[in-house]
Amino acid sequence: MGIPYDRTKRWGAMLNFERTAESNGYQCIAGVDEAGRGPLAGPVVAAAVVLPAGLSIPGLDDSKKLTPSQRERLYSVILDVCRAHAITVVTAATIDAINILQAARLAMKQAVEQLALQADFVLIDGNQPIDITAGQQTIIGGDGKSLSIAAASVLAKVHRDRLMDAYHAEYPHYGFDRHKGYGTRFHRDRIREWGPCPIHRQTFKGVKEHLHVPATADTPPSA
């Protein structure tokens with residue numbers, strides 16, 4: 001699928017960090033982002049993406065600003081045009097063991113390391129560096145400022161949403177398909193009623209208070 005180069009000011013600005021890295025001699029620049037730091041359940045997912053130099057993808061932005069249908073469309077486009085990508089998953093159990101910040105950093109590190117191409121420079125959303133040998137730059141709000149990071153944010157978000165939809169089939173009474181594990185009122189009410197399930201983050205407020213709720217053999221109501 002051919003993607004036309006978008007010459008508008010908005011999308012041109014989304015390539016400024018990539019162009020600066022290129023002007024400094026870097027040849028394989030990856031964007032990396034994660035999805036799922038805030039939810040009460042489910043994994044944190046990270047993605048790393050290497051886009052062709054100078055390529056813009058019309059409509060691509062911070063995944064949080066896009067509708068689910070826009071993200072799904074862009075997910076396919078990104079996979080079609082990127083030079084390399086990797087998606088990694090860190091489970092709720094690991095999040096509980098090492099804390100969510102370290103789990104997110106681990107997921108991003110693993111995504112960069114699993115790229116089929118070895119990135120020599122990495123643009124990272126946020127303010128936390130990751131443990132890699134390549135050069136790196138953290139960018140607060142990077143998913144709205146760098147096209148490579150925006151691409152990674154879409155891959156991570158769509159992949160995580162699909163995982164949570166699959167978990168909904170396994171634990172339908174929590175309604176993971178509607179809130180993706182975030183702490184909505186509906187979700188918190190179901191945790192209070194049924195207690196946490198195996199994918200809940202047991203160290204998170206809103207979950208740990210209800211670990212005493214006994215398991216039940218009854219079939220919970222559907223969401």
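I started at Val49, which stands opposite His85 in E3. The model is predicted, so I kept in mind that local features need pLDDT of at least 70, side-chain atom pairs count only at pLDDT 80 or more, and totals for chains, interfaces and linings use all residues. Numbering runs from 1 along each chain as its sequence is written, and side-chain values use heavy atoms, without hydrogens and water.

**Strands**

I then looked at how E2 is paired (two strands pair if DSSP finds at least two bridges between them). Strand E3 (residues 84-90) runs antiparallel to E2, with seven bridges joining them. E1 and E2 are antiparallel too, over six bridges, and I found Val45 in E2 as the bridge partner of Ala35. Strands here are DSSP runs of E, at least two residues, and helices runs of H or I, at least four, numbered from the N terminus.

Next I checked burial (buried means under 20% relative accessible area, with a 1.4 Å probe and protein chains only). In E2 (residues 44-50), seven of seven residues are buried. Val44, Ala46, Ala48 and Val50 point one way, and Val45, Ala47 and Val49 the other.

**Pockets**

I looked up pockets last: open sets of points on a 1 Å grid over the protein atoms alone, where a 1.4 Å probe fits, with protein on both sides within 12 Å along at least five of seven lines; lining residues have an atom within 4 Å of a point. Volume is the space filled by probe spheres set on the points, joined across faces, edges and corners. The largest pocket holds about 380 Å³. Among its 21 lining residues, Asp33, Glu34, Ala35, Lys64 and Asp143 are the closest to its centre.

Key. Buried < 20%, exposed > 50% of the residue type's maximum accessible area, 1.4 Å probe, protein only.
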